[in-house]
Every structure is written in structure tokens, then in C-alpha cells.
Amino acid sequence: MTVHAFVLTAGLVADATGGRLIAGGTTRVFDRVVTDSRTMAPALGTHGAGALFIALSGPTFDGNDFAEQAIANGAAGVLVSRPLANAGHAAVILVDDTLEALQQLGHSVRVRSGARVVAITGSAGKTTTKEATATLLETKFRVYRNAGNFNNHWGLPLSLIELREGPEIAVVELGMNHAGEIRTLVHLATPDVRVWTNVGNAHIGHFGSADAIAEAKAEILEDATADTLVVANADDERVMRHVKPFRGRRLTFGIEASADVQAMRIEDHGFDGTTADVSTPWGPLVLRLAVPGRANLMNVLAAATVALEAGVPVADVARVASTLQPVDRRGSSVTLANGVRLIDDSYNASPAAVRVTVQALAATATQGRRIAVLGEMRELGDDAVRWHEDCGRAVADAHLDLLVAVGGPAADGLIAGAKAGGMSADQLQRFATSQEAAPAVAALVRAGDVVLVKGSRGTRTDVIADRLKEVA
């Protein structure tokens, strides 16, 4: 593959965005791109290469109001949608719409870079799959991965701008909570490889049904060429319904259904890891994973498929896969000083993910109790209570020892479902907020217990996980 590293200049930005350079020269160099003037240290008195500040605007703020402060803080240039009273030393690029300009710049850099782009979407497991894919590919290639939640209409183009550094492969995740968003992101990234992990019920309140979610996720298949590769979950009927007519190349991964990369003879040890023998077109692969459960096995199968197709040897995939660890707050495990084992999965939650995680907790060996601290799940629409009841029943079916339910009225469904499944009142606790639950959970646990903490970001179950770490 032919890749190109290059510098970001005012002239290049103006050309890519269709903007007018109304102050400063075309050769002004930008070493980074920022959208928050507060992230910039005050100027040190010299103004050479420096940051390009892009003045994004939203319902409650206008980034143009902070452009002059960004210059005072040392920005080498600003991209704005209205002229400034005082540009000072900075290059000023004027555009009609700063978000559209950011997206145009990201796409332009992506095309110019020559990097191969791997894009990952799905209702669950995107970040874990992204991190695993990037880590496996790094055994052979220079790899860039987008960070944190930079997977939306502004975060992705900011990530694509980083491809000017010359990586051979970029691994990015594409997020959404409304139809049409994946389409926009696919247009920006023009992925060479598209990975579709699954269809679940995250954000189902915005869509009404899992079939509608699948329709929106299927936008990842759009604008493909004959050379485009899709890597798809053979076990997910909704994924395969859309992938089967795909005109590009196709590889599948799975456990239950016949797949190109298929796991067999699986031993699930919950949060102590998973082992599996895997059949692949490149030879047999033996996985010995530290990441927990079958859901993570599927994530690693997707990552392995991408890496093997790219030319990473089977032996390297097996070796590096064994070193993979859960992403922070996505199932990370730590034994605290007080002897409690904390499973911190507090980043986010959906009904499907909760059920899978509860199953992993049930399969985890322990000398103490298995305790699930589950926060309310958001964006589930009119059926929110029913979805929570299903998860409460899953806790009972897994024979966990205690359930602590946290959040608003929908979380009552967790308690109701657990009771219907046979759990007694003394096995159940209920709190309105994570702030209220945190000290009670800290007082409840004891040495030998395994405690799972999981919930939607809006419920802030991370507060509970952090309190457990503090009191250990």
C-alpha cells in the first residue's frame, strides 16, 4: 500500500473546505486541530506551527465567540463562519458552515493519506472490537485508531485528520443513535473494510424495533466497490439478511452458524476468560483469551478475521489475542485491597449487553457472592420497563446472589423481573441514583465477592465503581 505523510497547512485547509483565507499565508503549518479553546495553553510568545481551532457551534454555544481567545492562547489559525475583529498573528479561514468544513477536511485528508480504513459498527462491542483489531494489526502495520467516543459526525472527521501522520491502516468505529448517521460517516471514511458486529436494542427508543436498527446499521454497506470487504457476524440473522446481497467481498465470523472464521470447542470461564479452537481459511487458530464471555469471543473473532485477511500470521494473532485486556469501564476486572473483585462495566448498557454480562458473571468462579449492580438503561422507548424486567429475570435465571437496581422508574422493572424469576426480597436492593447507591454498595460487599457494575452513561454507575475502589 502507498501511504503519504504530509503537513496540514492553511492553504490545504482552505482548498479542502472551499474556504477563503482572509488573514495569514497559505504556508502556515498546523500541528494539531482542536475544537475547544480551553484545551490550549496560553501563548508563549512565538507563533510558528501550532493548533488550528475550528469554531464548531451547537444549540447552546457558538464557537466563533471563542476564536479570538483561541488565538490569544496560541492558535496558529482558526476556521470560522464569521470574520474576526482581531485576527492577530493567526491565519483565518472563513467558511459558511464550520461542521461541514470539518467533515470536508477529514474526508480530504483520508483520501490524500492513502491509508487503508477499517470501519466498525454494531449495537454492542464496537470499542472492544476496534481495540482488538488495531492491536492485532499492529504486529505488522503502522496503525491509527480513533480514541474514546470520537465516532460521530464531528469526532470521526477529527480522527481522519490524524491520518496525515502516515499510518498504513486506520481502525475507526462508527456510532449512531438515529437513521442516516452511519451513511454520513461512511461517506467521510470511505472504508476499505466494514465490520458489522451485531444488531441489538441499544437506542431502540429512537427506532421502534430491532429491524429498524438493522436498517440504519446497514448503511455501513453503502457506497462500496467490488474491492470492499465486509466482515459480518454469521450468527446474527438481521446482519446476514442485509449482508447476503452485498456486492463486494465478504468474510463471516461466528460460533453457532457456519462461518469463514468459526469458533468451536469453547470453554467459557466468565470473567476469567475464554478458550476456543477456531477454524479459518488461513489455518487453525487456538484462542486463549483473558477478555470475558462469548460476546468478547465474538469481538475477537471479528478482529482476527480482519487481521488474518490483512496478512497477519495465525501464530501472531493467537499470541497477541492472549494479551488483550478489557477496555477501561467495559468489563475491566480488578481485585480490590479488601478482597472484593470488581467488574467495572459502567461505560454503557443495553438489554442485550446486560444479559450477556450477567451470564459471564454467573460463569465466573468465586469463593464469595455474585452481585449485580445494574443501572437504568436509557433510550428504550415505551417498552423500557419490559426490557428491564427481562434483564431482572436474567439475573434470577443466572442464580446470582444479589441484585442492586439503580435509576428512575424503568429500573423498577429490574426488581419486578428478578422477583418473578424467584429472587427473594432480601436478595434485592433499590436506589434512585448512583450517588445514593454508592455508599450502600460499598458497605454491602465483602472479601471474596464478585461485583458487576453496569448501566447506561446517564445513570452514572461509574460513581458506584469508583466508590468501591476508594474504600478498598
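Tutor: Helices (H or I, at least four residues) and strands (E, at least two) are DSSP runs, numbered from the N terminus. The model here is predicted, so local features need pLDDT of at least 70, side-chain atom pairs count only at pLDDT 80 or more, and totals for chains, interfaces and linings use all residues. Residues are numbered from 1 along each chain as its sequence is written, and side-chain values use heavy atoms, leaving out hydrogens and water.

Student: Okay! What span should the 12 residues of helix α4 have?

Tutor: The expected span is 1.5 Å times one less than the number of residues. For α4 (residues 126-137) that gives 16 Å, and the end C-alpha atoms are 16 Å apart, which agrees.

Student: How many of its residues are buried?

Tutor: 10 of the 12, so α4 is largely enclosed by the rest of the structure. Buried means under 20% relative accessible area, exposed over 50%, partly exposed in between (1.4 Å probe, protein chains only). Among the buried ones are Lys 126, Thr 133 and Leu 137.

Student: And which residues of α10 does α4 meet?

Tutor: Including Asn 296, Ala 303 and Val 306, with contact meaning heavy atoms within 4.5 Å.

Student: New topic: what's the strand order in the open sheet?

Tutor: β10-β11-β9-β12-β13-β14-β15-β16-β17, with mixed pairing; two strands pair if DSSP finds at least two bridges between them.

Student: Which strands stand at the edges?

Tutor: β10 (143-145) and β17 (285-289); each has a single partner strand, so one side of each is left without a neighbour in the sheet.

Student: How do β9 and β12 pair?

Tutor: In the parallel sense, over 4 bridges, and Ile 120 stands opposite Val 195 in β12.
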